[in-house]
Amino acid sequence: MSADAPRIYFQRAADQLDLSDAMRRLLLTAKREVQVQIPVELDSGEVATYIGYRVQHNNARGPMKGGLRYHPQVDLDEVRGLAALMTWKTAVVNIPYGGAKGGIALDPKLCSTRELERITRRFVDSIHDLFGPDVDIPAPDMGTTADMMAWIMNQYGKYHGFSPACVTGKPVDYHGIPGREEATGRGVGGLTLKILSRTGRKFPGTRIALQGFGNVGTFTARFLHDAECRFVAISDAGGAYHRADGLDVPGMLKYALAHGGRLDGYTEADRISGAELLAADCDVLIPAALGGVLTAANAATVKAPIIVEAANAPVTPDADAVFDAAGVVVLPDILANAGGVTASWFEWVQNRQHYQWGINRVRQELDQILGAAFEQVWQLAQERKVSLRTAAYMLGVGRVGKATVLGGLG
Ligand code: NAD
């Protein structure tokens, strides 16, 4: 994705909020953008040089927070856009953070575990004085794992001492918390049920098409399957699977677990194309893989009356306009997938208190925070007759703007 999409949505909300040009510029500009060189020795003995990024967008409401992405297409523009999304996301759910994002342009599938560890530790060596528990707290994103967060905490500790709150999404056995791994999918599932209720639909039998069967996709599928929704199509990077009378979700979860997290070779369903999945006859379409998958070119093929943006920025602004005009309800990413950062906040809070909550408390507080944010966004959308996306941006941008004014320029 590019930084353009969140900027376009920001401007729409800023128009509604009647923000001055000066305030728009202040809120749109990143506080700090860092690019570093990461030279490492590969297992072969050769030296490879990677490029790492960290964009710290805004800290008006608290320390900056956002994931670290390992993907070949990572560049400064993408990280910039994702960092801004984090600022509005943390504000929509009203947790005391700003927004940041980082990444390294590499394909983790082409690196050994030892190489990934050296790359991650070397990245920390380069930026350890720019992040930390009170400044900016990284977390996993596409291509990064809990184990990598453990390396980050360990490497950071070599410079700054024991600081588990310097990074979240850590393994449960290494200062992480139960409930973090499922949180984004649980949030997507719970918010999907809220949309269904608000639009007068019943959960049992609701037909869902899901793109992506990784962390977010699998936990979303589990949650909505338990609510008796019917998954008619599911895809991952290897292909898409369809069954009009409902896929066997527990069977697919088991299959993926036994096959390195992938569905390749699954035979209990019809194979369809990725494009057919997006155009599937269903009630809810949940893109939970990549950004920019619903564009002006394919938006008109979508039959679902509801789209839940589990991934970051799966709908481009052009497609968003098509959906808006057609009356398709789009639950925006900055609310739909905010369960992850909310549970990351719980992890940070517990790390700072050297205390542990049980899973029930994590789930209860997560559901309460997301539920409250949903109600506020829904109400605002009704009152101002705007889309859920514009309402969510109005809420987020409004809160960051207020904090900026209250804090002053210093
Ligand atoms: P992941 O790497 O665990 O899973 C990604 C899934 O997408 C995999 O199943 C992969 O096979 C699939 N995929 C890749 N290309 C595909 C394609 N062309 N068609 C269909 N499927 C494809 O990643 P994740 O953590 O589940 O994240 C997914 C999205 O959610 C990303 O956009 C991420 O930024 C966003 N997100 C994740 C979290 C989190 O807590 N993990 C939080 C907020 C947002």
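Buried means under 20% relative accessible area, exposed means over 50%, and partly exposed lies in between, with a 1.4 Å probe and protein chains only. By that scale H354, at 62% relative accessibility, counts as exposed. This is a predicted model in which local features need pLDDT of at least 70 and side-chain atom pairs count only at pLDDT 80 or more, while totals for chains, interfaces and linings use all residues. Residues are numbered from 1 along each chain as its sequence is written, and side-chain values use heavy atoms, with hydrogens and water left out.

**Ligand site**

- The ligand is surrounded by 21 residues, where a residue is near a molecule or strand if one of its heavy atoms lies within 4 Å of it.
- The closest of these residues are T184, F213, N215, V216 and A237.
- Polar contacts are pairs of N or O atoms within 3.5 Å; within protein, one atom must be able to donate a hydrogen and the other to accept it, and residues adjacent in sequence count only if both atoms are side-chain atoms.
- A polar backbone atom of N215 is 2.9 Å from an oxygen atom of the ligand.
- For A289, a backbone N or O atom lies 3.2 Å from an oxygen atom of the ligand.
- D141 places a polar side-chain atom 3.2 Å from an oxygen atom of the ligand.

- T144 lies in the loop between β5 (136–140) and α5, and at 10% relative accessibility T144 counts as buried.
- Helices (H or I, at least four residues) and strands (E, at least two) are DSSP runs, numbered from the N terminus.
- Contact means heavy atoms within 4.5 Å; leaving aside neighbours within four places in sequence, T144 is in contact with L68, R69, Y70 and M149.
- M148 sits in helix α5 (residues 146–160) and is buried, with 4% relative accessibility.
- Not counting residues up to four places away in sequence, M148 touches Y70, L116, T120 and G143.
- M148 and H128 are 20 residues apart in sequence, and their C-alpha atoms are 15 Å apart in space.

- Helix α2 (residues 21–28) packs against helix α14 (residues 388–407) at an angle of about 100°, with the axes 11 Å apart.
- Axes are lines fitted to C-alpha atoms, for helices over the stretch in contact, and angles run from 0 to 180 degrees between N-to-C directions.
- The angle makes α2 roughly perpendicular to α14, given that under 35 degrees counts as roughly parallel, over 145 as roughly antiparallel, 65 to 115 as roughly perpendicular and the rest as oblique.
- M23, L26 and L27 of α2 meet V397, V400, G401, T404 and V405 of α14.
- These residues divide into six nonpolar, two polar and no charged; Ala, Val, Leu, Ile, Met, Phe, Trp, Tyr, Cys and Pro count as nonpolar, Asp, Glu, Lys and Arg as charged, and the others, Gly among them, as polar.
- N58, in strand β2 (residues 47–58), touches residues including L27 and V400, not counting those up to four places away in sequence.
- N58 is buried at 9% relative accessibility, and a polar atom of its side chain lies 2.8 Å from the backbone nitrogen of A60.

**Positive phi**

- Most residues other than glycine have a negative phi.
- A313, not a glycine, has a positive phi of about 55°; A313 is in the loop between β11 (306–308) and α10 (317–326) and is buried at 11% relative accessibility.
- H354 has a positive phi near 50° and is in the loop between α12 (339–353) and α13 (359–384).
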